[in-house]
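Open the model in your viewer and get ready to select residues. We will go stop by stop.

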Amino acid sequence: MTENKKNEEMNEENISEEQESEQAETEENAAEEEVTPLSVAEAEINDLRDKLLRAVAESENVRRRAEKEKTDAANYAVTTFARDMLAVGDNLSRALEALPDDADLPDNVKTLIEGVKMTDRELHNIFERHGIKKIDPKGEQFDHNHHQAMFEAPTEDPNGTVIQVMQVGYKIKERLLRPAMVGVSKSGPEETTKVDTTA
């Protein structure tokens with residue numbers, strides 16, 4: 001009997017301890033859930049601070065984007081016009097290449113030829129003044145960013161070398177205005193490849 005009484009007393013003590021711990025947890029949760037005006041204000045301040053930081057970051061991004069667009073507009077506004085003027089430059093160059101080297105030409109024809117040469121030089125000076133640069137890659141390695149391959153031909157040059165420039169290309173600032181139309185070497189000189197079999 002006494003053992004049963006002891007067991008019952010222990011069970012009652014355990015139950016009372018569990019009830020006390022549950023009551024303490026409930027009181028802690030109630031204290032945590034208790035909303036004070038200070039906690040509400042702090043939450044609102046944190047929320048407003050976060051919104052302010054996001055708004056400042058967004059306005060900075062918009063400002064940077066607008067500056068870049070303004071710079072690009074200033075640098076590349078004449079792109080279409082410049083591309084159209086390239087045809088004029090090409091025609092002047094073709095005219096100069098087609099002229100005979102005959103010294104027996106009449107003076108008025110020599111004057112006309114000199115005028116065409118001066119016009120061609122002035123046009124290229126204007127191109128350079130506005131950041132338009134010629135791409136004449138003969139002998140260089142083929143670069144698909146600046147060149148357009150029109151044909152491949154077997155030569156003694158290293159593989160991928162520009163062997164002929166059919167039409168020069170142009171860049172405006174850092175952008176490609178027109179790719180250079182080129183012929184590219186197909187295969188270079190034969191190289192004997194040795195395989196190391198001692199490994």
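Which residue in β4 is the bridge partner of Ile132? Select Ile132, then Ile172: Ile172 is the partner.

Before moving on, some ground rules. This is a predicted model, where local features need pLDDT of at least 70, side-chain atom pairs count only at pLDDT 80 or more, and totals for chains, interfaces and linings use all residues. Residues are numbered from 1 along each chain as its sequence is written, and side-chain values use heavy atoms, leaving out hydrogens and water.

**Stop 1: the sheet**

Select residues 169-172. This is strand β4, and β1 pairs with it in the antiparallel sense over four bridges. Two strands count as paired if DSSP finds at least two bridges between them. Helices (H or I, at least four residues) and strands (E, at least two) are DSSP runs, numbered from the N terminus. Strands of a sheet pair through backbone hydrogen bonds, either parallel or antiparallel.

Now show the whole open sheet. Its three strands come in the order β1-β4-β5, with antiparallel pairing. Look at the edges: β1 (132-135) and β5 (175-178) each have a single partner strand, so one side of each has no neighbour in the sheet. From one strand to the next, the twist averages 35°.

**Stop 2: the helix across the sheet**

Select residues 79-98. This is helix α3, which lies across β1, β4 and β5 and runs at about 40° to β5. Axes are lines fitted to C-alpha atoms, for helices over the stretch in contact (heavy atoms within 4.5 Å). Angles run from 0 to 180 degrees between N-to-C directions.

**Stop 3: salt bridges**

How many salt bridges are there? The count comes to 10. The rule asks for a side-chain nitrogen of Lys or Arg within 4 Å of a carboxyl oxygen of Asp or Glu.

Start with Asp47 and Lys51. Their side chains meet in a salt bridge, N to O 3.5 Å. Both lie in helix α2 (residues 37-76), four residues apart, about one turn of the helix. Asp47 is partly exposed, at 37% relative accessibility. Buried means under 20% relative accessible area, exposed over 50%, and partly exposed in between (1.4 Å probe, protein chains only).

Next, pick Glu114 and Arg121. The closest N and O atoms of this salt bridge are 3.6 Å apart. Glu114 is partly exposed at 36%. Arg121 is partly exposed at 46%.

Then go to Glu122 and Arg129, a salt bridge at 4.0 Å, N to O. Is each residue buried or exposed? Glu122 is partly exposed at 39%, while Arg129 counts as exposed at 59%.

Finish with Glu60, Arg63, Arg64 and Glu67. Salt bridges with shared partners join these residues into one network.
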